[in-house]
Each structure stands twice: as structure tokens, then as C-alpha cells.
Amino acid sequence: MPLYRDFSNDTATILLWKYDEQEELDPSKLLEKENFDKIKDYHPTKVKELLLVRKILKSVLPHHQILYKEREPYLSPQDFEISVTHSFPYAALAISKNKIGIDIEPFNDKIVRIQHKFLDEKESAFIEKEHEVAYLTIIWSLKESLYKIHHSNYWSLKKHYEVKPFRLDFPFDIKCRVHDEKVSDLFSARVAFFENYCITIVD
């Protein structure tokens, strides 16, 4: 059974699946005709991730499709909002009546080297040094989830996406903000941990 965890709540269906080598992922059955050209040059692992997301969708909304507008996925018919994330062997899909963003990230020491690209001084102030990798990974993932809800090619993860202080032992109701000179939108988020990964959910 590929269902690994269910993070659904009253407003959204959020399913995390784990790839099983015995599982059938047939593009002719799962992939939309409009997306066949899209995957021609994809790495086989990326194709599996994409098909796994479709399999999740078929388990919930068998007559819907995932299409793209400038790389951004949307549901057809467009009666729900969706967010997609994958990090092989995992893939997750969120379906909601409201805007929602999800992201999966593995915990990896390499994130320390790129923190200058996404971390603001206010965020670095509440990071516990002994848990630096965990905090950095969660902040990065929260900003990726925010970006899926509220994005612009002109915005910076460092300057325009803000994560308010939170604790690792209570990763719920985390406040996040997207802002520029004209916009200041506040969101609430939660984080869950599994194996060596985290999943962030912003809605």
C-alpha cells in the first residue's frame, strides 16, 4: 500500500505516498495526454515522482487531471486548489477549496552552505545552533510552500518570504508572511517529520 501518511484536516486532503517497486505506474493510464511531451526528456526517477502524484489524484478524484500553466500545476476541472511535492521515493498531493502549499525536504548538512540565499537576520536569530540543519531545512521548506501559494518571478525567498519564530518541539501554527511594498499576507503553517524528511503545509 503506497499511502505512507495522511495529513488531511477539515479543509484539505493531504496524502503522502511512498514508492513501492511492486507498484504499477503506467503512463498510458495515469498521465494526461497534454503532458506526454513534457516528460520525454525527464530522468526516470522524475517520471516516477510525477506518475506517483497522478496515482494519488486518481485515488481521490479519479476524473480530474493535473495540467500546467507556465510550470504551475492546476486541477482540471478547476473546482479545487492543489499543491504538489516530491522527493523520491516520496510524493505528496494537497487538494483544498483554499490556496495551499506543501513541500517535502530531506535533512542534509549541505543546507548550511546556502543559508545566505534564503535566510533573513530575523530568522537566524531564533535558530538553535545545535539544531541548525533542522531549522534551516524547515525554514527553506516553509518558504517553498509559501512560494507555491503566493509567487512572483520578481520576489526573493530571503527578502519577501518571512518565517516567524517557532520551536522544533511544537511545529504547529507557525506564522509566515509574504510581503513587498504593496503586499503583506499572513499564513499559518505546520510541519511534520518522517524518517529523515520534513513536510511543510501552508494554508
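A salt bridge is a side-chain nitrogen of Lys or Arg within 4 Å of a carboxyl oxygen of Asp or Glu. The exercises below apply this rule and related ones to a predicted model.

**Exercise 1.** Decide whether the side chains of E81 and K99 form a salt bridge, and state which parts of the chain the pair connects.

*Solution.* Step one is the distance: N to O is 3.9 Å for E81 and K99. The cut-off is 4 Å, and the pair is a salt bridge. Step two is the location. E81 belongs to strand β5, residues 81-87. K99 sits in the loop between β6 (90-96) and β7 (101-106). The pair therefore ties together parts that lie 18 residues apart in sequence. Step three is accessibility: E81 has a relative accessible area of 29% and is partly exposed; K99, at 43%, is partly exposed too.

**Exercise 2.** Classify E162 and K164 as buried, partly exposed or exposed, and find which residues belong to their salt-bridge network.

*Solution.* Begin with the contact: the closest N and O atoms of E162 and K164 are 3.1 Å apart, and the two residues form a salt bridge. Next, compare each accessibility with the limits, under 20% for buried and over 50% for exposed. E162 has 12% and is buried. K164 has 28% and is partly exposed. Finally, follow the shared partners: E162, K164 and R177 are joined into one network by their salt bridges.

**Exercise 3.** Check the radius of gyration of the protein against the value for a compact globule, then describe the overall fold in numbers.

*Solution.* For 203 residues, a compact globule would have a radius of gyration near 17 Å; the protein has 17 Å, and the two agree. The C-alpha trace spans about 50 × 35 × 35 Å along its principal axes. The secondary structure comprises 4 helices and 11 strands. Of the 203 residues, 46% are buried. Among contacts between residues at least 6 apart in sequence, 52% join residues at least 24 apart.

**Exercise 4.** State how far apart the mean positions of the positive and negative charges are, and what share of the accessible surface belongs to carbon and sulfur atoms.

*Solution.* The protein has 30 positive and 34 negative charges, and their mean positions are 3 Å apart. Its accessible surface comes to about 11,400 Å², with 49% belonging to carbon and sulfur atoms.

Notes. Residues numbered from 1 in each chain as written. Predicted model: local features only at pLDDT ≥ 70, side-chain atom pairs only at ≥ 80, totals over all residues. Heavy atoms only, no water. Helix = DSSP H or I, 4+ residues; strand = E, 2+ residues; numbered from the N terminus. Buried < 20%, exposed > 50% of the residue type's maximum accessible area, 1.4 Å probe, protein only. Rg over C-alpha atoms; globule rule 2.2 N^0.38 Å. Contact = heavy atoms within 4.5 Å. Areas by Shrake-Rupley, 256 points an atom, 1.4 Å probe, with all protein chains shown as cover. Lys, Arg positive; Asp, Glu negative; His and termini not counted. Charge placed at Lys NZ, Arg CZ, Asp CG, Glu CD.
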